[in-house]
Amino acid sequence: MRESKLLVYGATGYTGRLVVAEAVRCGMQPVRGGRDPEKLAALASATAAARGLETRAFGLDDPAGLVAALEDVSVVLHCAGPFSRTALPMYDACLKTGTHYLDITGEIDVFEALAARGAEAAEAGIMVMPGVGFDVVPSDCLIADLARRHPGGRYLRLGLAARSGASRGTMRTIVEGIGHFRIRRDGIITSVRPGQLRHAFDFGPPPQAAIVGVLGDVSTAFHSTGIPNIETYLQATRTFVRLTRILRGFGPFLAARTGQALLNRLLDRGPEGPSESERRTAHAILVAEIEGADGKRVAARVRTPDPYGFTATAAVAIAARALAGDVRVGYQTPSSAYGADLLREFDEVTWEVLDGQATAR
């Protein structure tokens with residue numbers, strides 16, 4: 001019988017380091033994986049949480065080496081993006097080795113690509129769950145709970161207000177998808193122009209404006225609830241409003257190869273991610289609103305602590321379940337595998353139904 005073994009790939013990255021530290025805090029001994037053996041070795045000597053852990057250096061461009069690295073691994077927690085380039089090679093290896101696949105993506109195309117291959121994952125006896133961090137765990141659970149209590153919804157709108165910085169990896173993903181704002185209409189994912197749609201959300205009285213953005217829930221919420229019309233929004237902060245205006249005028253240039261190279265060079269000059277002190281005061285608010293065919297709307301809101309810390313906590317908690325054999329094979333979202341109440345297991349999360357009912361932790 002295969003030993004229960006967790007491999008964290010991308011362990012030298014900003015979020016990967018947080019995930020490894022959380023896994024160790026929870027009593028696990030994860031294998032640290034990554035492409036660069038020197039970075040893995042340097043991390044082991046510099047980070048207390050990584051000392052004594054097994055390391056495996058392998059690239060995602062070597063299918064045979066990738067399969068060999070996963071042969072004795074029961075669960076892989078993939079933290080190396082952009083996942084548009086890295087998810088499928090890792091998933092293909094997991095299919096061959098019977099390894100459960102988890103990742104922390106928020107990319108719509110990745111969710112859709114893995115969902116389309118859910119049948120082969122089920123046949124291989126593995127669970128495939130992309131998006132085991134922020135924002136998908138809290139948003140998916142929030143949406144699934146609201147849809148369960150108010151069936152028959154035709155329209156879903158999700159708003160995000162993040163009081164947090166962004167890691168370099170997150171920004172690279174944003175840069176790669178710049179200008180590709182998408183929603184779901186009648187079950188089909190379709191593009192919209194930056195700034196084309198606006199909506200008001202109760203992030204905290206009074207309602208505040210938000211502008212259409214790009215969140216993975218355009219994919220995951222559809223698979224969790226079947227609601228055919230989905231829009232995701234970001235709070236209309238000065239920074240996001242300014243970005244939307246820039247995209248209207250320069251979006252094609254920034255999406256082209258030259259623009260992408262320029263933006264990535266700028267990212268390389270910036271910090272790797274929020275500092276520990278910044279993360280201590282960071283938080284995020286998500287508001288989900290479901291509208292029925294009769295026009296009646298219901299809404300609920302959650303507040304989470306620091307999104308990066310929450311990602312590490314949620315990802316490790318889900319990995320622990322998978323290691324223990326608590327899995328549902330095939331493609332899954334957090335709520336489809338573990339129910340909407342999964343979110344209630346995490347500390348410092350407040351959950352409020354905006355019709356006067358409330359629960360909190």
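**Close-up 1. Threonine 86 in helix α4.** Threonine 86 sits in helix α4 (residues 83-97); helices are DSSP runs of H or I, at least four residues, and strands runs of E, at least two, numbered from the N terminus. This is a predicted model: local features need pLDDT of at least 70, side-chain atom pairs count only at pLDDT 80 or more, and totals for chains, interfaces and linings use all residues. Residues are numbered from 1 along each chain as its sequence is written, and side-chain values use heavy atoms, with hydrogens and water left out. Threonine 86 counts as buried because its relative accessibility is 11% (buried: under 20% relative accessible area, 1.4 Å probe, protein chains only).

**Close-up 2. Surroundings of threonine 86.** A polar atom of the threonine 86 side chain lies 2.6 Å from the backbone oxygen of alanine 80. Not counting residues up to four places away in sequence, threonine 86 touches Leu60, His78, Ala80 and Gly81 (contact: heavy atoms within 4.5 Å).

**Close-up 3. The largest cavity.** The whole structure holds 1 cavity of 30 Å³ or more. On a 1 Å grid over the protein atoms alone, a cavity is a set of points where a 1.4 Å probe fits but cannot get out; lining residues have an atom within 4 Å of a point. The largest cavity has about 40 Å³ of space, the volume filled by probe spheres set on points joined across faces, edges and corners. Its lining is Arg17, Val20, Ala21, Leu43, Thr47, Ala49 and Ala50. Helix α1 (residues 14-25) gives the most, with 3 residues.

Notes
On a 1 Å grid over the protein atoms alone, a cavity is a set of points where a 1.4 Å probe fits but cannot get out, and a pocket is an open set with protein on both sides within 12 Å along at least five of seven lines; lining residues have an atom within 4 Å of a point. Buried means under 20% relative accessible area, exposed over 50%, partly exposed in between (1.4 Å probe, protein chains only). A polar contact is a pair of N or O atoms within 3.5 Å; within protein, one must be able to donate a hydrogen and the other to accept it, and residues adjacent in sequence count only if both atoms are side-chain atoms.
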